[in-house]
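Here's a quick tour of the model, one piece at a time. Have a look at it before reading on.

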Amino acid sequence: MKLTVIGTGYLGAVHAACMAEIGHEVLGVDVDAAKITALAAGRTPFFEPGLQELLSRGIDSGRLRFTTSLREAARFGGLHFLCVGTPQRPDGLGADLRHVDAVVDGLAPHLPPALIVGKSTVPVGTAERLTARLRAAGAPEVQLAWNPEFLREGHAVMDTLRPDRLVFGTGSRCAEKVLREVYAPLIRSGVPYVATDPATAELVKMAANSFLATKISFINAMAEVCDAAGADVTVLAHALGYDDRIGRSFLNAGLGFGGGCLPKDIRAFRARAAELGVGSVVAFLSEIDEINHRQRRRTVELTARLAGGSLPGRRIAVLGAAFKPDSDDVRDSPALAVAAQLHRERAVVRVHDPEALENAREAFPQLEYVSRVAKACEGADVVLHLTDWAEYRALAPDTLTPLVRRPCLLDARNSLDADFWIRAGWQYAALGRLGALPHLPSDASAAT
Ligand SMILES: NC(=O)c1ccc[n+]([C@@H]2O[C@H](COP(=O)([O-])OP(=O)(O)OC[C@H]3O[C@@H](n4cnc5c(N)ncnc54)[C@H](O)[C@@H]3O)[C@@H](O)[C@H]2O)c1
């Protein structure tokens, strides 16, 4: 089929390349000319494992092209995937839908009969509102459907080609049939799909992200209780995870969630629920948000404690800048938030990341960035493990011991081997295990 993918960021570039991979003729569209130039030349504008190969293959096959022209997109075919950003509004909690609106307004005057399929995460009711907007713009033969995206950065290619499920929110059998055709190779390979109305489809995505955020904040709340009680949250999570009703994933206590999705989505959900008059039933999401931010504050406080009670002049090595491993995305990155706060409190901070340094430098130019872990650790009073890259899990403590001023590690992702580091002579601390592990000073003076 011939289709366009409008918005070629983290979601759209992957979607475009994957649609070409499964045999469609795809035109990717973005207002960012630099991004389109890079994509058209076969260069991924961001780090995503497996995307480079797919992009090259799509371009070489002639099935994948890119443009900045929405008019060209309107004429390309009858199916348009909408993948533009829906960030938090600058003046409130709700989603900023100006990019979504701009695409629909831009397409409307040029469209032959067509189906626009939203993939961006939007507040429930958006498809209905956009349909009215299209009608008002005189595009009566254009239909709107919502097909929310559940991909995870770092696994985006596999998640697009082998998703857990597809959700088709359409207003007609005909639109549903088109979506079944688009995804036919996936459906044939056993991927389940749920066909529903657009409002339910929009809500599935908001509900999924709210649930995931709740699970993370739940275990982080348990981590704080563990710290107060001298218990170990990693063992707690392990034991909880055996219960099929609970499950083990998303129960990793630590620095919490960030990125361009979960934080803004739970806020947008609260804002939309309030508009619908049911704000109080999802009021708990503000607590989820607050617990999440508490982890950043706790990490800074614990760093100060490990550094001997005060931060000014202390050298802190920060391992990780991306909001999660296998991505260079630094939007609302917990690691960078912690690094920036330590810097504000006059610690001397050096940040390392395997892929996200360029984006991090743009977001927080005041911080110092280094391209080697060893360089970050030189003279450090405390080493912070803030993003769970495999490279950090493979670190050999012995190689770092001669470099640091004090062998002291805060594993804010609870993913390093505590025994390994402790046996190597390091003081090892982790959120949710403060009372359960040895080597943590009981008060500030112990670390000086
Ligand atoms: N990133 C993820 O992991 C992920 C996963 C699932 C859903 N989503 C949702 O997908 C949407 C996009 O997220 P993203 O992470 O790809 O954002 P992004 O910022 O990486 O990409 C958005 C792209 O849209 C482009 N754009 C903006 N206005 C445009 C216009 N008028 N015409 C054409 N292009 C335009 C931007 O230039 C940018 O390249 C959001 O709603 C997000 O919540 C993202």
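## Ground rules

A residue counts as buried if 20 or more other C-beta atoms lie within 10 Å of its own, exposed if 12 or fewer, and partly exposed in between, with C-beta atoms placed from the backbone. Helices (H or I, at least four residues) and strands (E, at least two) are DSSP runs numbered from the N terminus.

This is a predicted model, where local features need pLDDT of at least 70, side-chain atom pairs count only at pLDDT 80 or more, and totals for chains, interfaces and linings use all residues. Residues are numbered from 1 along each chain as its sequence is written.

## Helix α8

In α8 (residues 173–182), the buried residues are A175, V178, L179 and V182. They sit on the same side of α8 because they cover an arc of only 95° around the axis (taken from the directions from the helix axis to the C-beta atoms). R173, C174 and E181 are exposed on the face turned away from that buried side.

What do the buried residues of α8 pack against? Their partners are β1 (2–6), β4 (79–82), β5 (114–118), β6 (142–146) and β7 (166–169), with contact meaning C-beta atoms, placed from the backbone, within 7 Å.

## Two domains

The domain assignment, automatic or from a database, gives domain 1 (2–196) and domain 2 (197–448). Between them, 32 residues of domain 1 are in contact with 26 residues of domain 2. On the domain 1 side, α6 (126–136), β6 and β7 each supply at least two of the touching residues.

Terms used
Two residues are in contact if their C-beta atoms, placed from the backbone, lie within 7 Å.
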